[in-house]
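The sequence and structure are shown first.

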Amino acid sequence: MLGKTSLATVGLIVGGIISVIGTAAYFTNHPTLNLAGFFYGIPLLLGGLALKAAELEPVTFTQPTTKEIVTLREKQATPIQNQLRKDVTRYRYGQKVHLEESLNLLGLSPTDEETPILKGLREIDINDNYALVLEFSSPSIPLDTWLQKQDKLSSFFGPNIKAEVNQPTEGKIDLVLITTPEV
C-alpha cells in the first residue's frame, strides 16, 4: 500500500496545509499555530518538493492479469520474479530508471542516455509456465547486444529462471523471465 502512494505528494499536501494554517495563524496572532506551521509545515513542504524531484513513477501493466495467471504465479513464481514485479510497480526515489543498477551490472547501460527504459510489464503463460515480461524502450541498445547477454540475464535473475529476449518492434525489447521447473 505504501509503495502505491506517492510520498512526495503526501509531503506536498500535508506540508502545504500546515504551512497555510501557520501563515494564517501568523496574521491572526495565534503564536502556537504559527510555530507549528513554520516548524513543521515548511520542512514537510520542502521535503515533498525534494522527493517529487527524485520521484520515479511505477510501471503499469500493459495488459490485465487474468485469474488463471494469478493462480499460476502463486504456484510457480520465484521470489525474484515476485520482488521484481513489486519493485517496478511502486514509487521509487533517487533512481533515473527502473532496474538502473541491474542494467548497469549486466552491461546494458553504457551511459545515462543509452539506458533502456522499462515502459511496462505483463504476466503470461508460456507452455504452462509462469512468465513475467518486462517491456523496455531500448533505441540505443541493439537486439544483438541483448541476445549476447541472454545467458547472463538467466543467471542474473536467479535459479529456475530462463530469460528470453524478443524485439516486437524497432527500438522495443521484451525481456521474458520464464519460470523453469526445479530439477
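The sections below describe a predicted model.

## Sheet arrangement

An open sheet is formed by four strands, whose order is β3-β4-β6-β5 and whose pairing is antiparallel. At its edges lie β3 (117-126) and β5 (161-166), each of which pairs on one side only. On average, neighbouring strands of this sheet are turned by 20° against each other, direction ignored.

Within the sheet, strand β4 (residues 129-137) runs antiparallel to strand β6 (residues 172-179), and seven bridges join the two. Ser-137 is found opposite Lys-172, a residue of β6.

## Helices against the sheet

Helix α3 (residues 67-76) lies across β3, β4 and β6, and runs at about 105° to β4. Helix α4 (residues 79-88) also packs on the sheet, where it touches β3, β4, β5 and β6. The direction of α4 makes about 40° with that of β4.

Leu-177 is located in strand β6. Because its relative accessibility is 1%, and buried means under 20%, Leu-177 counts as buried.

When neighbours within four places in sequence are left aside, the contacts of Leu-177 are Gln-81, Leu-84, Tyr-130, Ala-131, Leu-132, Leu-134, Phe-157, Ile-161, Lys-162 and Ala-163. Ser-109 is 68 residues from Leu-177 along the chain, and the C-alpha atoms of the two residues are separated by 19 Å.

How values were computed. Residues numbered from 1 in each chain as written. Predicted model: local features only at pLDDT ≥ 70, side-chain atom pairs only at ≥ 80, totals over all residues. Heavy atoms only, no water. Pairing = 2+ DSSP bridges. Axes fitted to C-alpha atoms, helices over the stretch in contact; angles between N-to-C directions. Contact = heavy atoms within 4.5 Å. Buried < 20%, exposed > 50% of the residue type's maximum accessible area, 1.4 Å probe, protein only.
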